[in-house]
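Subject: Structure for you to look over

Hello,

Here is the structure I promised to pass on. Please open it alongside this email.

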Amino acid sequence: MTERLADVSARIDGIRQLGAVVNAMKGIAAARASTARTEIKAVDSYAATIATAISDALGPASPASSAKTSDSQADGNTGLLVFCAEQGFAGAFSERVLDSIEDDLSATSLFLIGTRGLSIAAARGLDPVWSAPMSSHTPGIPKLADQITKAIYRALGEGRFERMDMVHAGWASGQPQVVRQALLPVDLSALPPPGAIRPLTQLPTDALINSLSGDYLHALVCKAALHAFAAENEARMEAMSAAGSQITRELGEFEATLRQVRQEAITAEIIELGTGTASARGVR
């Protein structure tokens, strides 16, 4: 009985320690997700400002020319920039993202971000042409975006693809949602309409558009990375909440077992004492 009591007590201590770890992971994920959501607003504003500048520089003809360009390159080789999870304990986060592109992988140059996602992709037999770990903190995302855009330009120059789409997870209504959008060529039809007054520029239009397009590409990658970063940590919060609920249930069950074992031990001692007393009286 004493050994069983010690075993149950040790199990309860272990569950409590696991619960402390789960709560710590949940708190870290919540802080990171909150920071990312705040910074997403700034990147959204930055990307929208550049989009407006491109639209104003091109003038009223930009949406039509964009649609024509997209149609002409739709049949070319496609690249996919995919953001998956960097770490584990995020449920089926990476699996959902990879499932969404399963039908596009036969003729696709895959660029994959996220160490955990890379291991899952390898288990599925996928071999990205380029990969990188996701930044563990939001201040490192602009540097990651630099690495991604350099890799994209290098592969584009090598003729690996003619157009590229970007796939990442977002978070809405408590559920992850996979988002896919065109990255290259720039989808000018998605830009806001140009202003009524053409801006005064000091650079040739082609040079200005090339410069703005590079900044816009970088902003879009930063935006997608932040959304993926926030969604991964939201998914981790969800997974840790579920784990915390399970730990609470198991802890309650083991504490009930501990009370029962203690009661059985007390009862056994009372019976033993009673038996000993009766035996002593009989001897007299």
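This is a predicted model: local features need pLDDT of at least 70, side-chain atom pairs count only at pLDDT 80 or more; totals for chains, interfaces and linings use all residues.

Fold. The protein has 6 helices and 5 strands. Along the sequence they run α-α-β-α-β-α-β-α-β-β-α. Helix α6 covers residues 205–283.

Packing and surface. The protein has 284 residues, and 37% of them count as buried. I also looked at contacts between residues at least 6 apart in sequence. Of these, 78% link residues at least 24 apart.

Rolling a probe the size of a water molecule over the atoms shows where empty space is left. How many cavities of 30 Å³ or more does the whole structure hold? The search finds 1. The largest cavity holds about 60 Å³.

Which residues line the largest cavity?

- Arg32, Glu86 and Gln87
- Met134, Ser135 and Ser136
- Phe229, Glu232, Asn233 and Arg236

Helix α6 gives the largest share of this lining, with 4 residues. By class, the lining has 4 charged, 4 polar and 2 nonpolar residues. Met134 and Phe229 are the nonpolar pair. Arg32, Glu86, Glu232 and Arg236 are the charged ones.

Best wishes

Definitions and conventions: Residues are numbered from 1 along each chain as its sequence is written. Side-chain values use heavy atoms; hydrogens and water are left out. Helices (H or I, at least four residues) and strands (E, at least two) are DSSP runs, numbered from the N terminus. Buried means under 20% relative accessible area, exposed over 50%, partly exposed in between (1.4 Å probe, protein chains only). Contact means heavy atoms within 4.5 Å. On a 1 Å grid over the protein atoms alone, a cavity is a set of points where a 1.4 Å probe fits but cannot get out, and a pocket is an open set with protein on both sides within 12 Å along at least five of seven lines; lining residues have an atom within 4 Å of a point. Grid points are joined across faces, edges and corners, and a volume is the space filled by probe spheres set on the points.
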